[in-house]
Amino acid sequence: MKIYFDYKVQDYLADESFRRWVLDGGLRNQDSAWSRWLLQNPDYAGEALKARDILLAARPVEEPFEEGYFETIRRETLGAIQANRRNVRPLWWQAAAAVLVVSGLLGWLLLDKTQSPETVVVAQRDDVVAPPDTSAANTVFLQKNSSDVILPVALPDGSSVLLHPGSELSYRHTTGGTREVQLTGKAFFEVTKNPSSPFLVYSGEMVTRVLGTSFTVTAYANDADFSVVVKTGQVAVSAPKEKMETAAADLDDQTTIHLVPNEQLFFNRKKSYFKRKEINQRDMLRYVPDTRNVYAFEDKPVADVFRQIGMAYGLDIDMEESLFSGCELTTNLTDEPLFEKLSILCSAVGPSTSFVVKEGRIRVISKGCNQ
Amino acid sequence: MTEEEQLWRHFTNGDEKALEELIRLFGKPLALYGRKMVKDDLLIQDCIQEVYIQLWQYRANLRQVTEIRPYLFTCLRRKLITILKRERLFVSTENEEELPFRAEFSIEERLIENETEAARVRLINGYINQLPKRQKEAIYLRFFENLSNDEIATVMGIKYQTATNLIHEALTSLRESFPNKFTTLLLACLDFFLY
């Protein structure tokens, strides 16, 4: 212990055993090595006690992290490296799509390219928001909108998409736990929250990554600029370079932009250049549905509620209105995806009530209120 | 070869278990460090993931390191600076010197023995919280993350001498807060007991 005779404040502070001694109670533990040494060498205790005072005055204040925070880091990192291992992502999509069109291997796939788009959603809320079935990993879901109206699309994970005319998307849930969409054209996404399963939208050279949020990606094949507008939550947009630098020092040379609501991001594809600008409410509504008036309903006729939701999203909702006469609804909605909103409303109306999405239209099916 | 060196070697050889271990060991220190610079846990989460993912991608080209912690800290710090810089392009005009460091220190109340000590520690606490942010960062890395002056210089991207100076200056100003105030307080206490 001779060395301690030369110890100054900073030496004590840098000594892990000393710090542990202080934080374990210091002189209160009279039998500990540090206590004994200091009691035997009181002349040298001055510096040690100053160091102790500093430690007592410097407890880092740390808020706890959100539950599952580090587990997410682990899952997403491992998921990403496992996805990279295939290392053929863009090609993979084309290959997978080709296989599907040729052989139609997957029986559950509701869409045949030659038919009009059709998706069925069951109204039981649990069915819609259930975590992605792992057995469905790597299966692909395709949807194309060749009509001239917006097409509502329910993804297998419960997320809602409004697919604009002339747009096409495919979806898969990877073994790595990520949800991946390949998009050409324009679509508004409302992603079900699932922190352990990031949602990625690939469009050309651009990747938009979210956890649970709503946003619009515009990325038609012939566009010079792509655009992303966020309605709620936060998204990360990047344009991964083909060329990987080799030095760790260049780690930061990656283009990732974090985007929040009321911002619009433009991506110039030629120059691989991002430009961010603020967007006002009016312009915003050119990209995302205006749902400001559909959050709270009080004693509102059921038919009106459905109509209002439809209007907010720019969709027609078909129903037998006479079934709902004299039937009112009081409910609060938040920014859950469209199909989740509809599920909640259907459940509130009664057990016989559900909805389907058929030929690009939403239809509410019911035997009446509370039935 | 130390355990850490071995872990790093396994990692650079492409062992996914080693990657998991690195995440388990250093995820939290990285997140805590990141928070000092950015008040956005999700962004920090993203950055940490990217650091790990990119190190994994470049693993074949990484040199053998003996201390992993400072290496990862360096990567994270650079990543955050890049992001803040890019924000600057679009939003504000902050320059790199203005990279925040928001460590906040409180008092270990449970270990305070009496009112005299409490007064003294409160005083020091006030001084620590008012240290210039680069001094604060150096102190944080030195005494709470166990980095050497050398490693601090690497992480903060400064010269060894500068790092040493930052720590020295911080401690000097804390030290200077001692004798006079110390004496004054002692006198005050004595007064209290005498009268």
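Tutor: In chain A, 54% of the contacts with a separation of 6 or more join residues 24 or more positions apart, a contact being heavy atoms within 4.5 Å. This is a predicted model, in which local features need pLDDT of at least 70, side-chain atom pairs count only at pLDDT 80 or more, and totals for chains, interfaces and linings use all residues. Residues are numbered from 1 along each chain as its sequence is written, and chains are lettered from A in the order in which they are written.

Of the 371 residues of chain A, 51% are buried, that is, under 20% relative accessible area with a 1.4 Å probe, protein chains only.

Now the cavities. A cavity is a set of points on a 1 Å grid over the protein atoms alone where a 1.4 Å probe fits but cannot get out; lining residues have an atom within 4 Å of a point. Four cavities reach 30 Å³ or more, volume being the space filled by probe spheres set on the points, which are joined across faces, edges and corners.

At least two lining residues each come from α4 (45-56) of chain A and from α6 (133-144) and α8 (160-176) of chain B, helices being DSSP runs of H or I with at least four residues, numbered from the N terminus. The largest share, three residues, belongs to α6(B). By class, the lining has 11 nonpolar, no polar and no charged residues, where Ala, Val, Leu, Ile, Met, Phe, Trp, Tyr, Cys and Pro count as nonpolar, Asp, Glu, Lys and Arg as charged, and the others, Gly among them, as polar.

Methods. Heavy atoms only, no water. Buried < 20%, exposed > 50% of the residue type's maximum accessible area, 1.4 Å probe, protein only. 1 Å grid on protein atoms, 1.4 Å probe; cavity = no way out; pocket = protein on both sides within 12 Å on 5 of 7 lines; lining within 4 Å.
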